[in-house]
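Let's take a friendly tour of how some strands line up in this protein. Have a look at the picture first, then read on.

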Amino acid sequence: MTPKRYRKPWLPLALFALGTAITLPTAGLVAARLASGPADNSIKSPALAVSVIRMDRTDGYPLRRVFTGQVEANRASSLGFERAGLLRGVLVKEGDAVNAGQVLARLDQALLGARRNEFEAALNDAEASLSLARSTLRRYRESVDEGAVTRQALDEASKGASAAEAGVDLAGARIASVDVEIAKSELRAPFDGVVTRRLADEGRVLPAGNPLLELQERAVPEIRVGVAGVLADTLKPAATYSLNWRGRSFPARLRAVLPIRALGTRTVDLLFVPIEPPAGLRPGELVELELTDWVDEPGFWLPLSALAEGTRGLWSAYAAEPLTEAPSNNLAADHQIAPRPLEILYQDGDRVFVRGPVNDGEQIVRSGLQRVVPGQLVRVTPDPAEQLALGGH
């Protein structure tokens, strides 16, 4: 007996409902597309606007070089006694202004005083002996013609007077020698200056020549600047140049260019005299001299914002090359980005001097390099700074 097959009356209804649910949205989407018409393939995307700078080739660039110098006193001395002795007194302190010839310190002079008294007594004795010898010689001369005194006695009296004169000269020389020693026991200022250092106090026995005080001249100081290369030969003595100190400029006269180049630094020393030194300029301060040297090297000036880091130590700039025909899918694009490898030769503030495969008059993207890539189509806009220079707004 063949088994019965039971039909499921609900299955056709379910399949119909599912087909209707799928067909209706699809039909609506098709109807909406048909209502909007055929697809528009002519829609153009806007081109990126970039600001450019025109490249102008130059034959070289001015190289700004800064040389550092030091303020020096015209004269500075370490003062000491010529003779050894006990330091009896120091009459000045550090920072005191002194005049030439002023006594600054003294050694003990007791022994020298005693020796001078001794030599003065010897001088008095010699002068007395000289007086007696001269009187004797005079009497002998008066008596020799009368025959009371022999010629021999007269000669002896004459020689005795001469010996007495020599004794007086010797005693006087000894006193003068002691006076020199006493003078050397006083330390005097060799020039007008300021005491900058004191190295010993009273009661110390000083060897001969041992420094006691350091003295610096009060006159306007000089400035010594070492200049490398050939720039020293371009400066003229007696001419006025500008020096910088702590951000301030002041004029200075070039007094001399020394005729020797230092072996270690290979620099030539220039000596400047400040004409109007700023307040506070003192020996030991550092001063700068800025000079300009022309470098013969063809190239271009670019702002730092126009450079992108490249490879192998080079840098890149992006040139905007004109399009020969307008593209169909980019609105108002008139240039295309092309990289240019560059070598930086010199930097001056926010600009650099570069060389590389750049044509004179070529347009380089000024800034915003993170927004462009090689091959990109762009729209060039006039540079506002160039417009302002031309009188635009």
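This is a predicted model: local features need pLDDT of at least 70, side-chain atom pairs count only at pLDDT 80 or more; totals for chains, interfaces and linings use all residues.

## Starting with S9 and S11

Strand S9 (residues 193-198) and strand S11 (residues 211-217) run antiparallel, joined by 5 bridges.

Now zoom out a bit. S9 and S11 belong to an open sheet of 4 strands, in the order S4-S11-S9-S6, with antiparallel pairing. Strand S4 (76-80) and strand S6 (97-98) sit at the edges with a single partner strand each, so one side of each has no neighbour in the sheet.

## Another open sheet

Here's another set of strands to trace. Which order do they follow? The order is S8-S7-S5-S10, an open sheet of 4 strands paired antiparallel. S8 and strand S10 (205-206) are at the edges here, each with a single partner strand, so one side of each is left without a neighbour in the sheet.

Begin with S7 and strand S8 (residues 186-188): they run antiparallel and 3 bridges join them. Val103 has its bridge partner in S8, namely Arg188. Strand S7 (residues 103-107) is mostly covered, with 4 of its 5 residues buried.

Next comes strand S5 (residues 85-90), which is joined to S7 by 3 bridges, again antiparallel. Look for Val90, which stands opposite Ala105 in S7. S5 also runs antiparallel to S10, and 2 bridges join that pair. To find one of these contacts, pick out Gly85: its bridge partner in S10 is Leu206.

Notes. Residues are numbered from 1 along each chain as its sequence is written. Side-chain values use heavy atoms; hydrogens and water are left out. Buried means under 20% relative accessible area, exposed over 50%, partly exposed in between (1.4 Å probe, protein chains only). Two strands pair if DSSP finds at least two bridges between them.
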